[in-house]
Amino acid sequence: MFTRYLPNDTKEVRKRLKKAMDVKDVEELFSDIPEEIRLTKTLNIPGPLSELEVKREVEKILKRNRTVKDLVCFLGAGVWPHYVPAVVDEISSRSEFLTSYTPYQPEISQGILQALFEYQSMICELLDMDVANCSMYDWASSLGEAARMAARVTQRDKFLVPHYISPERLRVLNVYAEPAGINVVEIKQNLQDGQIDLEDLKEKVSRDTAGVYIENPSYLGFLIDSSEAISEIVHDAGGLFIVGVDPISLGVLRPPGSYGADIVIGEGQPLGNYMNGGGPLLGIFACKDEDYLIRQMPGRIVGMTTTQDGKDRAFCMVLQTREQHIRRHKATSNICTNEALCALRAAVYMALLGRKGFRDLGEIILSRTYYSIKKLSEIKGVRVPFFEAYHFKEFTVNFDGSSRSVQNVNRKLLEHGIIGGKPLTHEFPELGQTFLYCVTEMHTLRDIERLQSILKEILEG
Amino acid sequence: MKEFHQARWPEPVIFEIGSQDRVGYSFPALNESLRSTIADQYPMPSRLRREVDPDLPELSEVEVMRHFIRLSQMNFGVNNGFYPLGSCTMKYNPKINDAIASLDEVHWIHPYQPEDTLQGMLEVMYKLALWLAEITGMSKFSLQPAAGANGEFTGTLMIRAYHKLNGELEQRREIIIPDSAHGTNPASASMAGFDVVTVPTDEDGCVDLEALKEAVSSRTAGLMLTNPNTLGIFENKILEIEKIVHEAGGLLYYDGANLNAILGKTRPGDMGFDIVHLNLHKTFSTPHGGGGPGSGPVGVKEHLEDFLPVPLVEFDGKHYYLNYKVPHTIGRIKGFYGNFEVIIRAFAYILTMGAEGLKKAAEISVLNANYLASKLSRIRGFDIPYGRGKPKKHEFVLSCSRLKSETGISAREVSKRMLDYGVHAPTIYFPSIVKEALMIEPTETEPIEEIDKFAEILASISRESYEDPEKILKAPHNTSVGRVDEVKASHPRTLCLSWRMFKKRFKKTK
């Protein structure tokens, strides 16, 4: 039965193989494994099963998941439900892409190389940056790498981050920063409008500041209104300005390149990738066209060149002397396997949407966001959003005015087939009973109205 | 020998196709009156708005489809042909696993959904972690790392946390790594703040024990080892290595990139390793996706369980849940829980193979490698320098050093000429201890006919090298493009990393 995936597991072929090597038993080829550590028992794992049985078994288990197709889900916070056009699946399931690996041999891998170059190029247009690598694991790991890159570029060790950042992302940052001796310091944000406290920033920025990081839109959905001032403050001190984004916002929101970002990172999942329970995702990593930045970039980068005879345009991986397989312990990062297929999906997605699509989609999301804010504000005891600022896609909903407890609200919503926003009570206690809600083009106005009426019923009784 | 021809589409860069006002999408209509009411009620200041649309191409769906289909035809994967890229385990990826990974229950779940709506995902993760622990002889696994190198970083951070807890981190600054190790090992050790000490390989192709004894000291934090190593040789003195490192107070880290060869035969846990990472995209047959995504689970022995990243997936007898209460956790090395779309494929693969199938996979991968090694080492100009007479495991490293000195043809040229025959080239110039190295891993999924054909291709390249090297020097001839100018590609004056950079440079030259 195993010859299906092991074509040489026939009596005849096994015999031929053994004969050619002059061995009687395959065990002879394992004879150099010391007796003491040879496994004598059979591994205690299930299987083997036929294809039909595997499918049934896995489907049976997976049925215990409830999907956002069965439920209306208002969760975001780093992974968001967005529609994935059919073309994206068609292209990314092409065997020539799916079953290839890192294009070490460029002549036979022009397809993935050109596609990744196009991903880099299109993401640069969205971000208003010049150079992007062809993927990191996710936003969080991009942030960790950005802090380390800023420290290498500036030879400084302080990295400033906003107070309102995803605690998970912050945790990853700390894990990346600590062994490099980078000191992560929090910048205050105003409780009223969420804006960066510029006085606090000025006080904390100094000659040892490697970089200042902000997110726009922020983790809690509000927009940062003083990005240019922040950029000026960090640049005056000789540090790098690093901005984290949700790329889907950039059809309607100002791109970070236009307000002075040196490095831009973010989560590329909304660009044609499914949520997949949180992975794989797509870490965006881009910088300005400056040699001192490019040389310190982590990850694979594809460049456009020509064939040696100069006749044809061609693509290949470039600046590999930054990478682990050449530079070993002096590499800019240890990353090898990345998220290339997710980047390919993002390339197809960006090509489909094109110049106008991001604006159109952004307008839809903005309109859904404000429709939700307007509708939910009508409920007694509910404050939406918590912060007096402009919001995109995500917004805070505060229930302090209501007598119900936070956990109860989400449980009751679930009884109605709705997954409520992410509770922030533990993450940011100063916000009280606050949840982070998310709406995208996947949410209909009816979904929002239903959320309102059920919430109203729960809170007003 | 019949040669192959790859598609050669004269395909422009995507920015060069399309036409103004074309789109390749459609979204639900925007309610205009709602939009204007909102714009009146919540007027967003222009300083927050994008002024100019991004300079993206404007394409209809058919143009996008054709463009990327053509690009796909100028690419080469395992489903196209033999892909013996050493240390990358490019085995066939069963289609059923892709079908399962595209179910709605995989694609359309949000990681922050209540646990009782994610029981399916958590069960898969919990069980896979148990199975991996059984396969490797470890005690507990985390599936969080996104790739092998991400797993290595996790592992080296655990080594750091372990010594820190014992108050020895100040002193234990060194990680010992053999000179034949994957480049990610020293890079990961360095990222975790360690200094790297390199130990040489002896003539048998194994860690030089005398050198190792000299290298260990009270400064030793740990050793990172691949077994079988990158020469495809089993480190048969592993128990002595284990003793030397443990007695010095260091931890043993197992790079699981080469686990495929020993499935069901021996286990890193039984060899004495404290920490293990696996590459699900290699050993457990998930597609490599043109460079990723992969998945790099990390497993530990009992004494290191409390250092694993959070959250861990646990089972209370009734429900699967996420456990964030791990006393000395290193924290997180990426967002969320792991690459579930990859994890689910490995889960299905193990169910398909079972213990018997995995063991057979190891056996046949080793049979195939030794069979091919014996054929190739007889070809003029080639030999296998380390561990003469020793059986190889899943891979071996061929050197064409003699071919180079006798004909001028290098490993690079041999690899380029191979492409003309419709096979992917091996890993070249690695490990660096082998001159003119071609690192070859046929895997267990390759039929003998393909392996024989590969040997014939190499024999033909050898003949060509001695008789008529011109054609090899100009290879490849049959791929979508000829030899790519990689030096120019990385040269500061001609560096072009995006279409935007290209336009800037083009304007300058105009």
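**A walk through two chains**

In chain B, the centres of domain 1 and domain 2, taken over C-alpha atoms, are separated by 31 Å. Keep in mind as you look around that this is a predicted model. The domain assignment of chain B places domain 1 at residues 99-351 and domain 2 at residues 364-484. Where these two domains touch, 14 residues of domain 1 of chain B are in contact with 15 residues of domain 2 of chain B. On the domain 1 side of that contact you will find five nonpolar, seven polar and two charged residues.

Now let's look at a sheet in chain B. Its seven strands form an open sheet in the order 1-7-6-5-4-2-3, with mixed pairing. At the edges are strand 1 (140-142) and strand 3 (195-199) of chain B, each of which pairs on one side only. On average, neighbouring strands of this sheet are turned by 25° against each other, ignoring direction.

You can pick out one pair of strands to see how they are joined. Strand 4 (residues 220-226) and strand 5 (residues 251-256) of chain B run parallel and are joined by five bridges. For example, B:Met224 has B:Tyr253, in strand 5 of chain B, as its bridge partner. A helix also belongs in this picture: helix 5 (residues 119-136) of chain B lies across strand 1, strand 6 (275-278) and strand 7 (298-300) of chain B. Helix 5 runs at about 125° to strand 1 of chain B.

Next, let's see how the two chains meet. In all, 167 residues of chain A are in contact with 176 residues of chain B. The element that gives the most to the chain A side is helix 12 (residues 340-377) of chain A, with 22 residues. That side of chain A divides into 88 nonpolar, 41 polar and 38 charged residues.

One meeting of helices between the chains is worth a visit. Two packed helices are described by the angle between their axes and the distance between the axes. Helix 2 (residues 51-62) of chain A packs against helix 11 (residues 340-376) of chain B at an angle of about 135°, and their axes are 10 Å apart. Because of that angle, helix 2 of chain A is oblique to helix 11 of chain B. The crossing of helix 2 of chain A and helix 11 of chain B is right-handed. Which residues of helix 2 of chain A and helix 11 of chain B meet? From helix 2 of chain A come A:Val54, A:Glu57 and A:Val58, and they meet B:Phe347, B:Ala348, B:Leu351 and B:Thr352 in helix 11 of chain B. The residues of this contact divide into five nonpolar, one polar and one charged.

How values were computed
Residues are numbered from 1 along each chain as its sequence is written. Chains are lettered from A and ligands numbered from 1 in the order in which they are written. This is a predicted model: local features need pLDDT of at least 70, side-chain atom pairs count only at pLDDT 80 or more; totals for chains, interfaces and linings use all residues. Two residues are in contact if their C-beta atoms, placed from the backbone, lie within 7 Å. Helices (H or I, at least four residues) and strands (E, at least two) are DSSP runs, numbered from the N terminus. Ala, Val, Leu, Ile, Met, Phe, Trp, Tyr, Cys and Pro count as nonpolar, Asp, Glu, Lys and Arg as charged, and the others, Gly among them, as polar. Domain bounds come from an automatic or database domain assignment. Two strands pair if DSSP finds at least two bridges between them. Axes are lines fitted to C-alpha atoms, for helices over the stretch in contact, and angles run from 0 to 180 degrees between N-to-C directions. Angles under 35 degrees count as roughly parallel, over 145 as roughly antiparallel, 65 to 115 as roughly perpendicular and the rest as oblique. A crossing is left-handed if the near helix is turned anticlockwise from the far one by less than a right angle, and right-handed if clockwise.
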